[in-house]
Amino acid sequence: MALAYVARFATSTGKLGTYLKRKLRERGWDPDAPAPPDVDGIVARMAGAGYVSDEGYARMRGASLRRRGMGARRITQDLGQAGIAADLSAEAVGTQAEARSAALALARKRRLGPFGLREEGAALDPAAREKQIGVFLRAGHPLATARVLVNAGSVAEAEEWVYEADE
């Protein structure tokens, strides 16, 4: 069952262990049985054989979430739910430049800030501004990032802000 799961899904050791315990429970396995299955041992063998890697999963999942426009807080939360250690989560969050690129990707995808339907350089009304800032915050970006992108007067200004982090 474990081998079929890791062959089909990219996973972490924590998620694999949770999956196996849930499947045993669903099949009516008695946890107080004299010889319960060694789920932790199975997970350790899968990790030792290279089928499961928390570091690889964290790197892959962090990059995937960044491409979707998620911020550091949301990435850390997602990896924590998958059972990834805090030090690996911190590495998967990425650099400041990657965080800014993720925020720009979110703005472009959701038509926020300068990508929205408004005149070039025109200000947003306060209600729309608050809604857009809320989108950034729910995606895990800091308030300062949300304000910079929502208040950007043009697409070029927003892109320039992202490229400043590279320098």
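**Entry 1: the start of the chain**

Which residues is Met-1 in contact with, leaving aside its neighbours within four places in sequence? I looked this up and found Tyr-19, Leu-20, Lys-23 and Arg-27; contact here means heavy atoms within 4.5 Å. A note to myself: this is a predicted model, where local features need pLDDT of at least 70 and side-chain atom pairs count only at pLDDT 80 or more, while totals for chains, interfaces and linings use all residues. Residues are numbered from 1 along each chain as its sequence is written, and side-chain values use heavy atoms, with hydrogens and water left out.

Met-1 sits in the segment before α1 (2-8); helices are DSSP runs of H or I with at least four residues, numbered from the N terminus. I noted Met-1 as partly exposed, because its relative accessibility is 45% and that class lies between buried (under 20%) and exposed (over 50%), using a 1.4 Å probe and protein chains only. I also checked Arg-45, 44 residues along the chain from Met-1: their C-alpha atoms are 14 Å apart.

**Entry 2: Arg-66**

Next I turned to Arg-66, in helix α4 (residues 54-67). Is Arg-66 buried or exposed? Arg-66 is buried, because its relative accessible area is 15%. A polar atom of its side chain lies 2.6 Å from the backbone oxygen of Ala-92. Not counting residues up to four places away in sequence, I found that Arg-66 touches Ile-75, Ala-92, Val-93, Gly-94, Glu-98 and Ala-102.

**Entry 3: α5 against α6**

Two of those names, Ile-75 and Ala-92, came up again here: Ala-72, Ile-75, Thr-76, Leu-79 and Gly-80 in α5 meet Ser-89, Ala-92 and Val-93 in α6. Two packed helices are described by the angle between their axes and the distance between the axes. For α5 (residues 72-81) and α6 (residues 86-93), the axes come within 9 Å and cross at roughly 140 degrees. Axes are lines fitted to C-alpha atoms over the stretch in contact, with angles from 0 to 180 degrees between N-to-C directions.

**Entry 4: helix α8**

How far apart are the end C-alpha atoms of α8 (residues 126-138)? They are 18 Å apart, which agrees with the 18 Å that 13 residues should span at 1.5 Å a residue; the expected span is 1.5 Å times one less than the number of residues. I listed the buried residues of α8 as Gln-132, Ile-133, Gly-134, Val-135 and Phe-136. They pack against α7 (96-110) and α9 (143-151). After α8 comes Gly-140, with a positive phi near 95 degrees.

Conventions. Helices (H or I, at least four residues) and strands (E, at least two) are DSSP runs, numbered from the N terminus. A polar contact is a pair of N or O atoms within 3.5 Å; within protein, one must be able to donate a hydrogen and the other to accept it, and residues adjacent in sequence count only if both atoms are side-chain atoms.
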